[in-house]
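Here is a short briefing to read alongside the model.

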Amino acid sequence: MSWTLLHPAMVADDSDVDLQQRSYYLAQALTAAKSAGDLHADDVDFVTGLQEQLDVCYVQLQVAHAIEVHGDIDPETRHAALGELNKQILTLDRVRGIATLTCHG
Amino acid sequence: MADEQLYENFARPYRLFEQILLIIKTADTALTDVVEMVWRQLLQNAPGSPKSDAMGTVITDLCRKYFPSEAAPLEIVLWAVYEEAATLLGESKEGWATRALLDGGVPMRDCFEALIQLTDSVCHSARDEGPELG
C-alpha cells in the first residue's frame with residue numbers, strides 16, 4: 001500500500017527531519033493508514049506501531065519544549081539536549097525502561 | 001541512544017516534573033515512589049497565592065491530564081494531596097482539596113473508596129505499632 005511508504009523514509013533516525021516534522025509525518029501516515037480500511041494482521045501491527053511512535057514523539061516534544069523554556073539550562077547544554085531529542089524517536093519499550101530506575105538524587 | 005534516555009538524560013536531571021508524569025502515563029508503568037515525589041514537588045511549587053488556591057489549581061490540572069493512569073494512582077495522589085493540604089490548615093475553606101480533585105474529574109466514589117483504603121491502612125499500621133495488650 002502506498003501509505004506505508006510515508007513512514008520509514010520520513011522518520012528515520014539521524015535524518016535531517018526534526019521532531020516536530022516527524023510528528024507531522026507520523027500523524028499523516030497514521031491518518032492515511034487508518035482510513036485505508038480492510039486492514040490485514042500485518043497492517044494492524046503497523047498501525048499500532050505508528051500510534052506508539054506518535055505517542056512517544058508527543059512526549060519527546062513536550063520534553064523538548066520544557067527544555068527550551070527552562071531558565072536554568074545554559075544555551076550550550078540546551079542546544080545539545082535538543083539536538084539529541086531531535087535525532088530519533090524512542091520506542092515505547094525504551095520509555096518503559098524507566099521502571100528499572102529510581103528518581104532519587 | 002541508550003535505553004531510558006528520555007527519562008534518565010532529560011526529564012530527571014533537568015527536573016521536568018510534569019514531563020516525568022507524561023512519560024509514566026505513556027509508558028503505562030507503575031512507579032509509585034517517583035509519582036509521589038513528583039506530585040509533592042508540583043504541589044509544593046504551585047505558583048500563586050493564596051497557597052490553597054494555587055495548589056487546588058495544580059491538583060485539578062494534573063488530574064484532568066493524568067487521571068486515570070499510572071501517573072495519577074489515587075492511593076498515592078490522595079495521600080500526597082491531603083498531606084500537603086494539611087500544611088495549609090485554616091488558610092482556606094474546608095474541603096478545597098477534595099473539590100479540586102472532583103473538579104479534575106476524579107469520581108466521588110473513587111475518591112471515597114481510596115480514602116477508605118487509606119484510612120484502613122493507617123489504622124492497621126497504628127494497631128501493629130501499638131503497645132501489646134496482655
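A:Gln21 is partly exposed, because 14 other C-beta atoms lie within 10 Å of its own; a residue counts as buried with 20 or more such atoms, exposed with 12 or fewer, and partly exposed in between, the C-beta atoms being placed from the backbone. This residue belongs to helix H2 (residues 19–36) of chain A, where helices are DSSP runs of H or I with at least four residues, strands are E runs of at least two, and numbering starts at the N terminus. The model is predicted: local features need pLDDT of at least 70, side-chain atom pairs count only at pLDDT 80 or more, and totals for chains, interfaces and linings use all residues. Residues are numbered from 1 along each chain as its sequence is written, while chains are lettered from A and ligands numbered from 1 in the order in which they are written.

**Chain A**
- Between A:Gln21 and A:Ala66, which are 45 residues apart along the chain, the C-alpha separation is 18 Å.
- Chain A has five helices and zero strands, in the order α-α-α-α-α from the N terminus.
- Of the 105 residues in chain A, 24% are buried.
- Taking contacts in chain A between residues at least 6 apart in sequence, 62% link residues at least 24 apart; a contact means C-beta atoms, placed from the backbone, within 7 Å.

**Confidence**
- The complex comes with an ipTM of 0.74 and a pTM of 0.79 from the predictor.
- For chain B the average pLDDT is 87, and 93% of the residues score at least 70; pLDDT is the predictor's confidence in each residue, from 0 to 100.
- Where pLDDT is low, predicted coordinates should not be read in detail.

**The nonpolar core**
- What is the size of the largest nonpolar core, and which residues have the most contacts inside it? This core has 54 residues, and those with the most contacts are A:Val63, B:Ile20, B:Ile23, B:Ile24, B:Ile59 and B:Val81.
- Such a core is a set of buried Ala, Val, Leu, Ile, Met, Phe, Trp, Tyr and Cys residues joined through C-beta atoms within 7 Å.
- Neighbours within four places in sequence aside, B:Ile59 touches B:Val81, B:Ala97, B:Ala100, B:Leu101 and B:Gly104.

**Helices H2 and H3 of chain B**
- In H2(B), eleven of eleven residues are buried, including B:Glu18 and B:Lys25.
- The axes of H2 (residues 17–27) and H3 (residues 32–44) of chain B come within 9 Å and cross at roughly 145°; axes are lines fitted to C-alpha atoms, for helices over the stretch in contact, with angles from 0 to 180 degrees between N-to-C directions.
- The contact is formed by B:Phe17, B:Glu18, B:Ile20, B:Leu21 and B:Ile24 of H2(B), together with B:Val34, B:Val35, B:Val38, B:Gln41 and B:Leu42 of H3(B).

**Backbone points to check in chain B**
- B:Arg15, in the loop between helix H1 (5–11) and H2, has a positive phi of about 50° although it is not a glycine.
- B:Ser49 and B:Pro50 are joined by a cis peptide bond with omega about 0°; B:Pro50 is in the loop between H3 and helix H4 (51–66).
- The bond from B:Phe67 to B:Pro68 is also cis, with omega near -5°, and B:Pro68 lies in the loop between H4 and helix H5 (74–86).

How values were computed. Contact = placed C-beta atoms within 7 Å.
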